[in-house]
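Let's take a friendly walk through this structure together, from its core out to its charged pairs. Have the sequence and the 3D view at hand as you read.

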Amino acid sequence: MPRTFLPIKPGTLEDWASVDDSSDSLSIEEEHSQQSELDDEMDEVSTAEDSASVPVWLLKCDSCHADLNNCGMLVHLVSDEAVTLYSSSEEGEVEEKGDENKFDTCDCKIRKTCCKACSTEVGYRVTIPCNICMSQQNNGHYWMYTNVKAYLQSDENRIVTWPNGSS
């Protein structure tokens with residue numbers, strides 16, 4: 001199951017679709033299905049302490065397909081568990097644009113982020129998390145990606161996963 005993260009404006013997830021030039025790109029529905037399958041496989045082959053591992057995603061701009069971040073995590077928002085998007089602890093190939101704004105459902109402050117290659121808005125950065133959100137369980141990531149294509153990271157036919165207890 002995706003990790004929970006701080007509230008952030010979700011953007012347009014309904015526009016996600018598979019990229020024609022690669023079969024590794026997944027729609028959000030396919031990601032949920034694949035995540036569920038991965039969770040089932042991890043339960044079968046892993047010890048209890050390893051089953052908490054989650055896949056690492058390569059995130060690309062939905063518009064120009066430029067690499068944005070190679071350490072994405074599929075997450076839910078703390079303020080709205082129904083919203084799924086990607087987070088990272090690293091900035092990646094994005095730049096912040098515009099003014100800092102208050103998030104709609106809490107007191108977190110956010111700023112939009114755009115692809116450095118084409119300037120398309122691809123997500124947000126939490127600039128100041130609110131006390132309510134920080135009191136909830138979260139992964140500590142502040143870079144949120146909404147308008148991206150996601151590709152599973154693999155190494156020698158194995159899916160790369162986050163180390164247990166880290167993000």
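A nonpolar core is a set of buried Ala, Val, Leu, Ile, Met, Phe, Trp, Tyr and Cys residues joined through side-chain atoms within 4.5 Å. Buried here means under 20% relative accessible area, exposed means over 50%, and partly exposed is in between (1.4 Å probe, protein chains only). Please keep in mind that this is a predicted model, in which local features need pLDDT of at least 70 and side-chain atom pairs count only at pLDDT 80 or more, while totals for chains, interfaces and linings use all residues. Residues are numbered from 1 along each chain as its sequence is written, and side-chain values use heavy atoms, with hydrogens and water left out.

## The overall picture

The protein chain holds two helices and twelve strands; helices (H or I, at least four residues) and strands (E, at least two) are DSSP runs, numbered from the N terminus. Read from the N terminus, the order of elements is β-β-α-β-β-β-β-β-β-α-β-β-β-β. The chain has 167 residues, of which 43% count as buried. Among contacts (heavy atoms within 4.5 Å) with a separation of 6 or more, 62% are between residues 24 or more positions apart. The accessible surface of the protein chain is about 8,600 Å², and carbon and sulfur atoms hold 42% of that; accessible areas come from the Shrake-Rupley method with a 1.4 Å probe, and for residues only the protein chains shown count as cover.

Which residues have the most contacts inside the largest nonpolar core? They are Leu 77, Leu 85, Phe 103, Cys 106, Cys 108 and Trp 162, in a core of 18 residues. Strands S4 and S8 (121-128) are the elements that give two or more residues to this core, and S4 supplies the largest share, four residues. There is also a second, separate core of 15 residues, with Trp 57, Cys 61, Leu 74 and Cys 115 among them. As background, nonpolar side chains in soluble globular proteins tend to be buried together.

Strand S10 is largely enclosed by the rest of the structure, because five of its five residues are buried. Both of its faces are covered: Val 148, Ala 150 and Leu 152 are buried on one side, and Lys 149 and Tyr 151 are buried on the other. In a regular strand, side chains alternate between the two faces of the sheet.

S10 runs antiparallel to S3, and five bridges join the two; strands pair if DSSP finds at least two bridges between them. Across this pairing, Trp 57 stands opposite Leu 152 in S10.

Is Gln 153 buried or exposed? Gln 153 is buried, at 19% relative accessible area. Beyond its neighbours within four places in sequence, Gln 153 is in contact with Val 56, Trp 57, Leu 58, Asn 70, Arg 158, Ile 159 and Val 160. A polar atom of the Gln 153 side chain lies 2.8 Å from the backbone oxygen of Asn 70.

## Charged pairs

Side chains of opposite charge can pair when their charged atoms come close. A salt bridge is a side-chain nitrogen of Lys or Arg within 4 Å of a carboxyl oxygen of Asp or Glu. By this rule there are six salt bridges, including those in the table.

| Residue | Partner | N to O distance |
|---|---|---|
| Lys 60 | Asp 67 | 2.9 Å |
| Lys 149 | Asp 62 | 3.2 Å |
| Glu 96 | Arg 111 | 3.1 Å |

In the Lys 60 pair, Lys 60 is buried at 19% relative accessibility, and Asp 67 is partly exposed at 43%.

The salt bridge between Lys 149 and Asp 62 links distant parts of the chain: Lys 149 is in strand S10 (residues 148-152) and Asp 62 is in the loop between strand S3 (57-61) and strand S4 (67-77), 87 residues apart. Lys 149 is buried, with a relative accessible area of 5%, whereas Asp 62 is partly exposed at 24%.

For the salt bridge of Glu 96 with Arg 111, Glu 96 lies in strand S6 (residues 94-102) and Arg 111 in strand S7 (residues 109-115), so the pair ties together parts that are 15 residues apart in sequence. Glu 96 is partly exposed at 24%, and Arg 111 is partly exposed at 27%. Glu 96, Arg 111 and Arg 125 are linked in a network of salt bridges.

Terms used. A polar contact is a pair of N or O atoms within 3.5 Å; within protein, one must be able to donate a hydrogen and the other to accept it, and residues adjacent in sequence count only if both atoms are side-chain atoms.
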